[in-house]
Amino acid sequence: MNKDQILSVKNLSKNFGGLRAIDNLSFSVKKGEIFSIIGPNGAGKSTLFNLITGFIAPTEGEIIFEGEDIAGLKPYQVARKKVGRTFQLTTLFFQNTVLENLIIGQQVTREAGYLQSMFGWKKRKEHYQQAIKRAQELAEFVGLSNYCNTAAALLPHGAQKQLSIGMVLAGDPDLILLDEPVGGMSMDEIDVVINLIKNIRKTNITVCLIEHKMSVVMNISDRILALNYGVKMAEDIPEVVCRNEQVIKSYLGDKYVVAS
Amino acid sequence: MIALGLTLIYGVLQIPNFSHGALYMIGAYVAYFSIVSFGFPYWVGLITSVITLFCVGMFVERVAFRPLYDKPLINAFIVAVGLILIFENGALAIWGPEFRRLPAPSSAVIELSGAIITMQRIIVIAAALLLIAAVHFFVKKTRLGAAIEATAQNREGAQLMGINVYLMGGITFGIGTSLAAVAGVLIAPIFLIYPSMGVPVIGMAFVIMIVGGMGSFLGAVAGGYLIGLLETLVSSYITTYFTEVILFGLLVVVLAIKPTGLFGKGH
Amino acid sequence: MERVIDTMYKKSKYKKLIVCSILLIIAIVAPFAFTSEYNRHIMVMCGVWIIAALGLNLILGYVGQLNLAHGTFFGVGAYATALLMQKAGIPFWWALPLGCLATAALGFVTGIPTLRTRGHYFPIATMCLGIAVYYAIARWDDFTGGACGLYGIPRPGSISLPLAKTIDFESTVACYYLVLLIAVLTIILMLRLVKSLTGQRIMAVRGNEDLAQSLGINTMKDKIVCFTLSTVFAGLAGGIFASYVGAIMPENAHFLVSFEMLLYVMIGGVGTIAGPVIGAILIPVLSEILHFMGSLRLVIFGFILILTIQFLPFGIIGGIRVALLRYPGLTGRSVGSE
């Protein structure tokens with residue numbers, strides 16, 4: 001396997017009953033890049049994320065992350081391999097504050113045992129303070145330092161998305177999968193998140209994202225994978241993908257192909 | 001039959017009604033008093049009980065469960081626990097702990113190929129079959145039944161179609177509890193009536209539901225017979241002492257292997 | 001900003017510490033105020049219920065799983081401790097931890113299959129488990145004494161202190177202090193667990209299991225550990241109960257016991273530490289006061305339970321918190337920090 005690839009998917013398929021949601025799909029993500037997955041509704045994008053992160057088991061195929069096949073592992077095991085993800089519907093611990101959410105996100109890196117929590121003394125305190133400190137850093141990084149003690153449910157939508165990204169980062173991942181990070185946002189909010197994603201890349205974290213807004217995808221992606229009905233249409237740099245006939249066809253319909 | 005009522009309620013309202021056994025007990029008491037105290041004939045007592053329990057069921061649904069539809073499920077469970085406390089101890093306080101016996105409508109004994117069966121048992125079995133058919137017919141063939149089924153499948157969708165989902169909830173609950181009442185009244189002449197008579201039954205009913213898969217009518221019926229068979233087999237071939245232990249233990253095992261019930265559809 | 005929060009936090013911590021110490025002092029001097037044997041007996045029982053209710057609260061309030069076999073585990077702990085003392089002749093101080101261990105073992109073994117269930121099936125599965133264990137106890141005449149139960153279980157043996165003093169547990173007061181000590185230790189352990197990184201993690205499992213998993217939390221492991229831990233406290237309470245009362249019956253393992261504990265936790269305030277403690281004191285005391293009403297008092301509790309869930313989902317403690325939030329003037333500070 002190529003050394004600069006962080007994730008490579010080989011001949012991956014997933015059947016739901018008779019429906020083939022992902023069909024013999026192969027692609028790879030390079031270390032440090034921003035890799036976007038596009039495709040019309042029902043193309044299998046979210047299914048793909050669920051397969052990579054272990055929420056669904058693949059019917060066949062390999063998912064190789066850092067040289068290791070992670071296909072069929074449980075979600076928490078995948079997360080411990082340092083693959084983080086967000087969900088399409090913003091998912092947070094809504095009753096908890098921003099800071100608490102960011103503390104919970106650190107479970108991958110500092111899992112506290114029961115005995116230590118109940119009987120520990122110095123180390124317990126140390127760990128807790130480290131966690132709070134890290135959470136504050138993260139809050140600043142994702143631009144929520146003014147909201148530290150606000151309950152997540154009370155945040156505006158954009159800030160909730162930022163927090164969900166912050167929680168993923170809390171686990172110190174090498175690869176993060178963001179499912180529609182700017183879905184349903186206003187233009188201003190989108191700019192904030194785009195900047196955030198660019199900043200994440202600077203910290204050597206590979207970003208893989210699903211997005212519908214073409215302007216965003218074309219702007220920030222290094223490479224793009226286009227899916228339709230679980231089949232790969234194209235995998236290349238944005239300039240090439242957006243001229244791909246099949247892609248245009250699936251998005252805009254047959255008659256536009258000639259015109260372009 | 002109890003399981004049928006439970007299944008109906010569960011399938012439509014997603015309420016795991018633990019208090020069903022208690023309602024079954026109330027049904028038996030209502031019948032008892034209308035028959036013994038007011039001198040009604042057995043069948044009139046049965047109908048009185050069914051009507052009363054229908055009203056009780058609708059009332060309980062309205063007051064106790066309806067405010068909880070959009071709350072976590074655990075709450076409905078706990079409300080059911082509260083209802084059990086109310087009904088059982090209420091019955092204990094009002095009617096006392098004595099055992100009561102309801103006179104059977106027919107004490108005839110029939111000999112059927114060597115086995116002796118009382119008329120009452122035949123009535124129970126016949127009534128069970130009849131009710132199963134009736135409920136099935138009601139849900140599948142009538143307008144109201146269709147509305148109830150729609151509510152079960154998709155609350156919001158049903159609401160958009162102009163179905164009063166709240167009313168459907170009440171009616172379903174009422175029917176479910178009146179089924180419990182029928183069971184109570186029919187069984188009463190065979191067993192005895194006492195405040196905690198619902199406790200063993202409710203356990204069994206849940207067993208049947210688990211085996212049959214929640215919310216599926218045929219599953220409930222099949223589960224009922226399967227459990228009955230198993231109970232007889234265990235008590236006649238293994239031990240009469242630990243029948244319940246084995247049965248309920250088996251159930252936990254079933255759930256462990258198939259966490260959504262034996263014939264349950266995966267959620 | 002950070003400092004403001006910090007001082008606020010410290011202030012509230014300070015206040016809470018004062019309140020807790022006052023309550024502890026009240027608990028310590030209480031036997032001198034209530035001298036009748038009857039009142040003291042109720043106080044011991046409250047302590048026992050506190051321990052058990054906190055155990056139930058861990059799994060119900062923090063992990064979000066309704067365990068309807070908690071009372072059964074209470075009974076198992078009671079029977080295990082009693083049998084170890086009577087049949088094996090082991091002294092109380094060894095029998096109690098061993099009894100807890102036995103309960104934990106059963107909790108662990110049964111937790112693995114039952115916690116695999118999803119949605120509504122967990123309460124039902126535990127209920128079935130409870131019924132199975134109840135019948136096992138009630139029918140196993142040779143071992144558990146069957147429906148008659150076990151009698152003449154000895155009280156805890158006396159312990160000698162370094163200053164040539166011995167404490168024996170023949171009096172109710174001595175038992176009260178023993179229970180008080182264990183209850184306070186339970187409260188402290190629970191507080192430490194809940195307010196730690198582990199506690200945050202457990203609550204994450206309750207909040208959203210999928211999200212928790214995506215963050216690398218082995219939710220199944222946490223559920224099993226917490227379930228087992230909660231049964232330990234049920235067993236602990238049961239063991240103390242058996243030795244203190246001296247007689248146990250299958251009814252002590254019935255699921256009605258679970259219902260009662262559920263009452264304490266829900267009415268006091270689920271998902272808080274103070275709630276179950278308040279519930280486990282208030283309800284038994286109320287129950288004794290209303291004793292003349294007979295079984296009607298349980299009817300009342302049933303109504304209270306339903307009303308609580310409708311209007312105060314987090315019980316008395318939740319109600320107090322909402323009140324404080326609405327009228328911050330009552331305490332001079334805003335609530336919200338745990």
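These legends walk through several close-up views of a predicted model.

**View 1. Chain C as a whole.**
Let's start with the parts list: chain C has 14 helices and two strands. Chain C is 338 residues long, and 53% of these residues count as buried.

**View 2. Helix 3 of chain C, a mostly covered helix.**
Here we look at helix 3 of chain C, which runs over residues 70–86. Is this helix mostly covered or mostly open? Helix 3 of chain C is mostly covered, with 16 of its 17 residues buried.

**View 3. Where chain C touches chain B.**
This contact draws 36 residues from chain C and 36 residues from chain B. On the chain C side, the elements giving two or more residues are helix 4 (92–116), helix 5 (121–139), helix 11 (255–268) and helix 13 (296–311). Which helix gives the largest share of this side? Helix 5 of chain C does, with twelve residues. Sorted by class, the side of chain C that touches chain B holds 24 nonpolar, nine polar and three charged residues.

**View 4. A helix pair across the contact of chains B and C.**
The crossing of helix 11 of chain B past helix 5 of chain C is left-handed. From helix 11 of chain B, the residues that meet helix 5 of chain C include B:Val245, B:Phe248, B:Val252 and B:Leu255. From helix 5 of chain C, the residues taking part include C:Tyr121, C:Ala125, C:Leu129, C:Ala132 and C:Tyr135. By class, this contact has 13 nonpolar, one polar and one charged residues.

**View 5. Helix 13 of chain C.**
Helix 13 of chain C is one of the elements on the side that touches chain B. Which of its residues are buried? They are C:Arg297, C:Leu298, C:Val299, C:Phe301, C:Gly302, C:Leu305, C:Ile306, C:Thr308 and C:Ile309. The length check works here too: 16 residues at 1.5 Å a residue should span 22 Å, and the end C-alpha atoms of helix 13 of chain C are 22 Å apart, which agrees.

**View 6. Helices 11 and 12 of chain C.**
The axes of helix 11 of chain C and helix 12 of chain C (residues 274–289) come within 7 Å and cross at roughly 120°. Helix 11 of chain C and helix 12 of chain C are therefore oblique to each other. Helix 11 of chain C passes its partner, helix 12 of chain C, in a right-handed crossing. Residues making the contact include C:Leu263, C:Tyr264 and C:Ile267 of helix 11 of chain C, together with C:Pro276, C:Val277 and C:Ile283 of helix 12 of chain C. What classes of residue are found in this contact? There are nine nonpolar, three polar and no charged residues.

**View 7. Where chain C touches chain A.**
In this contact, 21 residues come from chain C and 27 residues from chain A. Helix 7 (172–194), helix 8 (197–207) and helix 9 (209–214) of chain C each supply at least two residues of the chain C side. Helix 8 of chain C gives the largest share, seven residues. By class, the side of chain C that touches chain A has nine nonpolar, ten polar and two charged residues.

**View 8. A residue of helix 2 of chain B.**
B:Tyr32 sits in helix 2 of chain B, which covers residues 20–36. Is B:Tyr32 buried or exposed? B:Tyr32 is buried, because 21 other C-beta atoms lie within 10 Å, and 20 or more is the cut-off for a buried residue. B:Ser49 is 17 residues from B:Tyr32 along the chain, and their C-alpha atoms are separated by 8.9 Å.

Conventions: Residues numbered from 1 in each chain as written. Chains lettered and ligands numbered in written order. Predicted model: local features only at pLDDT ≥ 70, side-chain atom pairs only at ≥ 80, totals over all residues. Contact = placed C-beta atoms within 7 Å. Helix = DSSP H or I, 4+ residues; strand = E, 2+ residues; numbered from the N terminus. Nonpolar A, V, L, I, M, F, W, Y, C, P; charged D, E, K, R; others polar. Expected span 1.5 Å × (residues − 1). Buried ≥ 20, exposed ≤ 12 C-beta atoms within 10 Å, placed from the backbone. Left-handed = near helix turned anticlockwise from the far one by under 90°. Axes fitted to C-alpha atoms, helices over the stretch in contact; angles between N-to-C directions. Parallel < 35°, antiparallel > 145°, perpendicular 65-115°, else oblique.
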